[in-house]
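User: Please go through the helix packing, the chain contact and the nonpolar cores of the model shown here.

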Number of protein chains: 2
Amino acid sequence: MPISSVNKSILTPVEFLTRSAFVYPDKTAVVHGEKRYTYGEFAERVYRLANALIEKGVGKGDKVAFLCPNIPPMLEAHYAVPMIGAALVSVNIRLAPVEVSYIIDHSDAKFVVVDSEFASLIESDKLPKVKDFVTVCDINDTKILEGMEYEEFLAASSPDRPVLNIDSEDQLLSINYTSGTTGRPKGVMYHHRGAYLNAIGEVLESGLTTSSVYLWTLPMFHCNGWCFTWGVTAVGATHVCLRAVVADDIYRLIDQEEVSHLCAAPTVLIMMSTWPKASEVKMKGTLNIMTAGAPPAPTIIRNMEAIGAEITHTYGLTEVYGPHSVCAWQPGWEKLSEDEKATAKSRQGVPFITTHYMDVVDPETMEPVARDGVAIGEIVMRGNNVMTGYYKDPEATKSAFSGGWFHSGDLAVMHDDGYVEIMDRKKDIIISGGENISTVEVENVIYRHPDVLEVAVVPVPDSKWGEVPKAFIVPKEGTDPSPEEIINHTREHLARFKAPKYIEFGELPKTATGKIQKFKLREKEWEGKKRIN
Amino acid sequence: MPISSVNKSILTPVEFLTRSAFVYPDKTAVVHGEKRYTYGEFAERVYRLANALIEKGVGKGDKVAFLCPNIPPMLEAHYAVPMIGAALVSVNIRLAPVEVSYIIDHSDAKFVVVDSEFASLIESDKLPKVKDFVTVCDINDTKILEGMEYEEFLAASSPDRPVLNIDSEDQLLSINYTSGTTGRPKGVMYHHRGAYLNAIGEVLESGLTTSSVYLWTLPMFHCNGWCFTWGVTAVGATHVCLRAVVADDIYRLIDQEEVSHLCAAPTVLIMMSTWPKASEVKMKGTLNIMTAGAPPAPTIIRNMEAIGAEITHTYGLTEVYGPHSVCAWQPGWEKLSEDEKATAKSRQGVPFITTHYMDVVDPETMEPVARDGVAIGEIVMRGNNVMTGYYKDPEATKSAFSGGWFHSGDLAVMHDDGYVEIMDRKKDIIISGGENISTVEVENVIYRHPDVLEVAVVPVPDSKWGEVPKAFIVPKEGTDPSPEEIINHTREHLARFKAPKYIEFGELPKTATGKIQKFKLREKEWEGKKRIN
């Protein structure tokens with residue numbers, strides 16, 4: 001069908017830009033350093049990119065890879081590529097060359113756009129399917145790869161809006177490779193309908209409006225920026241680009257551009273809350289922060305709120321287009337103590353208005369667990385925002401969809417108020433002497449110790465108990481806590497068997513998106529030993 | 001398909017209630033006088049109604065008619081009826097018995113729920129298709145009709161959630177009969193997908209959030225309350241019921257329940273702004289008013305804003321689920337003078353985020369008119385919120401959909417900023433000596449005269465000019481303006497030929513929903529004469 005008939009139109013996030021360019025042609029759409037594009041200019045750049053790709057032979061069903069930080073070309077890609085019927089493959093800039101090559105090749109991308117800073121990650125001789133490279137010279141003029149420069153590429157093509165090459169809501173829109181803590185990355189496929197609905201879902205939960213200013217602390221290559229790449233445009237708000245997550249820049253832009261919204265992993269919030277000048281920060285208005293990726297420790301929530309931020313905690317995965325649930329505020333919570341409030345807010349919560357279907361089940365029987373905050377099961381999801389499947393991997397898709405639900409691999413309890421709380425990744429839960437220990441629960445307690453900056457708890461082998469908890473801790477600068485102090489602190493708040501038996505101080509291994517890689521810590525401890533769990 | 005599979009779920013507004021009952025079981029959902037229902041209780045009442053209807057043999061494809069003012073049973077109907085696969089027919093309580101009978105019979109309703117105050121409108125002997133009547137005794141115990149009382153009907157059935165009988169987004173959800181200024185009312189068919197998207201569209205444009213309190217000044221029988229029956233529930237906000245539109249009650253409830261949002265036709269705004277104690281009103285917060293139904297005169301917008309209301313002007317028709325366009329605020333408008341601002345805000349504007357497709361075209365060629373604010377064409381729409389068609393009237397549907405767009409019958413210009421401004425209903429435009437005169441433009445000027453409460457301008461026959469404008473005016477209480485004063489006032493602001501040649505003072509005929517019936521004034525003037533236009 002065409003994009004719209006008299007009483008049906010295809011749900012596609014591409015049309016958000018069409019509308020905002022029509023309604024707000026002179027409003028600021030994109031800010032990047034000194035550059036400012038209005039919605040009219042933003043749309044024109046998108047149309048130029050779309051036409052330039054068409055001229056290069058890119059069309060329906062093709063894949064276009066982008067390897068860029070959060071700069072305007074990334075936003076442009078989110079409209080120009082799907083507009084012409086192609087699919088966008090956003091590649092994580094923190095990966096190694098071999099991983100980048102694997103993703104570009106596996107995705108069958110025939111066209112690659114790369115920021116010059118990351119051009120060295122491209123092993124062009126190992127990418128036989130790629131026909132053309134274009135380099136974005138955002139911070140320097142070094143064009144390492146053969147092919148055109150991005151601005152020249154745009155300038156050479158027509159500014160007219162191309163005919164949309166979208167004829168179904170289920171058409172492939174993008175492929176997002178999961179950073180994958182183990183094994184090869186898998187390509188998660190999104191479609192137009194899912195992205196449209198999820199973008200609106202994000203707008204509803206974050207409270208974005210036309211007058212909002214959104215700072216790009218979250219990588220756009222991560223679940224298409226949780227669909228905010230489309231949601232911010234939907235309401236005609238302003239995108240503020242950010243090449244690198246640096247606290248100085250974040251605070252400068254918040255002040256200068258009057259940022260009202262940002263999304264960030266808890267590690268970014270830790271960085272923001274421990275910035276030396278954080279205590280001097282004076283927000284002009286409320287800064288609405290949506291966080292996800294790992295349960296934020298209550299302490300971090302409190303610290304950020306102290307400097308004028310409002311934290312909304314969400315939870316999701318790449319396979320569900322980013323966030324799926326939100327720790328929705330309840331009337332009555334304002335009466336809780338600060339600690340109780342932070343604890344309530346650190347839970348993963350309830351489904352979005354637009355996502356709706358989520359449960360905690362016994363993964364074998366698919367029966368929901370008791371709503372008692374104790375029984376542990378797996379979080380499963382269903383609905384329009386569950387991926388179409390893994391690209392070229394029907395086996396993995398089938399396994400992820402077993403029982404008619406998407407299996408998150410996250411273990412959680414369901415509280416009596418219907419709120420989900422993650423206990424652990426399936427592989428992270430500790431079974432010690434037959435008792436389950438949630439490493440997240442232990443970490444949350446350790447975070448409350450004044451000398452702790454970051455902590456990760458993993459199981460280590462124990463001849464008596466099978467396995468016991470061990471804590472890896474990054475102390476705050478200028479502090480020197482002892483293992484005993486930490487263990488005693490933990491015992492004050494938790495059952496004795498949950499306290500770590502071992503403590504190690506030092507740096508923590510992290511993924512490219514800033515998630516702590518517990519599996520690396522765990523593997524080191526279990527080397528040569530077989531873990532049954 | 002079932003309501004949801006692993007990666008697809010049916011878009012239906014019924015699921016908004018499922019989610020809010022899950023997420024906010026203890027939050028106030030519905031207020032009606034002394035009664036307060038939480039979302040848990042609201043859902044239970046809905047499930048009881050659904051089960052009771054099932055027990056009466058109502059199921060997939062059946063029609064259920066409700067003839068009630070804005071009371072809780074009306075809200076319950078919006079979930080219980082579609083939940084079991086039936087379609088809701090909300091009948092206008094201001095119609096005559098013969099019209100009510102026509103609608104109930106034409107809709108094939110087999111079940112009727114009526115509020116006791118309006119039971120006398122039901123001619124049960126003329127409704128052979130209706131199997132059962134249920135009477136709501138909200139303000140008295142007089143049960144005129146045979147059959148059960150509503151609360152007994154609910155009490156006798158199960159409170160368990162029935163299985164949803166919805167297997168397609170395009171399934172019939174409701175039939176809304178247009179009040180129809182001429183001819184028989186036509187039954188406008190809505191489906192689940194359209195209502196879901198339009199409800200979200202209303203939330204986005206009105207800024208409703210979980211903490212909002214919505215007052216039901218707009219009849220729920222009018223386009224299903226512009227889909228706010230579903231939108232308010234979607235975000236878990238509070239519905240405040242209102243049996244009758246009385247200024248004292250409106251202001252009392254705004255104060256008592258801390259109302260944040262309401263929708264109203266301009267006639268209601270006139271009533272509110274001319275309420276004797278309006279000048280003493282102190283709003284606790286901003287009162288967000290969405291208005292539509294007729295272009296509000298700039299003076300009315302100014303008056304309401306003076307007492308602390310924020311007016312959003314929208315435009316639509318029953319055939320597009322209520323509002324389709326909004327006069328979106330532009331950065332820079334804050335610099336306009338109060339008069340310029342009010343004029344800018346009285347335009348019909350641009351499409352909603354979710355409606356998107358609207359144009360002003362030459363209805364013969366379907367070519368868009370020039371974006372110059374001068375060329376007049378017909379407003380046409382397209383998209384998910386255009387009706388499925390007129391019930392049992394394929395001819396009228398075909399005619400309304402000619403050229404692949406829905407024809408609104410409204411004549412408008414498109415300004416150079418893309419904003420649509422209605423000039424007139426097709427039949428209302430005056431062609432005087434070959435010049436087009438917009439009656440709305442003339443009315444807006446007359447509204448600025450300090451002695452004018454309401455005005456309607458229509459064409460009357462003229463031997464020289466073919467037709468000329470005549471103004472029917474309701475003066476403000478205690479004033480006694482002369483025809484000359486009004487004509488001179490108009491000439492100060494408009495071309496001479498646009499000023500009314502005749503003035504008549506007195507009451508204005510109105511439809512049941514409060515729209516001025518210009519056609520009645522026009523018909524009287526043209527009796528026995530043929531109008532070519």
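**Helix packing, chain contact and cores**

Analyst: The crossing of α1(B) and α2(B) is left-handed, meaning that the near helix is turned anticlockwise from the far one by less than a right angle, clockwise being right-handed. Helices (H or I, at least four residues) and strands (E, at least two) are DSSP runs numbered from the N terminus. This is a predicted model, in which local features need pLDDT of at least 70 and side-chain atom pairs count only at pLDDT 80 or more, while totals for chains, interfaces and linings use all residues. Residues are numbered from 1 along each chain as its sequence is written, and chains are lettered from A and ligands numbered from 1 in the order in which they are written.

User: Is α1(B) parallel, perpendicular or oblique to α2(B)?

Analyst: The axes of α1 (residues 14-23) and α2 (residues 39-55) of chain B come within 8 Å and cross at roughly 140 degrees. Axes are lines fitted to C-alpha atoms, for helices over the stretch in contact, and angles run from 0 to 180 degrees between N-to-C directions. Under 35 degrees counts as roughly parallel, over 145 as roughly antiparallel, 65 to 115 as roughly perpendicular and the rest as oblique. α1(B) is therefore, relative to α2(B), oblique.

User: How are α11(B) and α12(B) oriented to each other?

Analyst: Helix α11 (residues 298-306) and helix α12 (residues 338-345) of chain B pack with axes 8 Å apart, at an angle of about 110 degrees. α11(B) passes α12(B) in a right-handed crossing. The two helices are therefore roughly perpendicular.

User: Which element gives the most to the side of chain B that touches chain A?

Analyst: In all, 36 residues of chain B are in contact (C-beta atoms, placed from the backbone, within 7 Å) with 36 residues of chain A. Elements giving two or more residues to this side of chain B include β1 (4-5), β2 (8-9) and α6 (192-206). With four residues, the element that gives the most is α1(B).

User: How many residues does the largest nonpolar core have?

Analyst: A nonpolar core is a set of buried Ala, Val, Leu, Ile, Met, Phe, Trp, Tyr and Cys residues joined through C-beta atoms within 7 Å. A residue is buried if 20 or more other C-beta atoms lie within 10 Å of its own, exposed if 12 or fewer, and partly exposed in between, with C-beta atoms placed from the backbone. A:V64, A:L67, B:V64 and B:L67 have the most contacts inside the largest core, whose number of residues is 310.

Notes:
Two residues are in contact if their C-beta atoms, placed from the backbone, lie within 7 Å.
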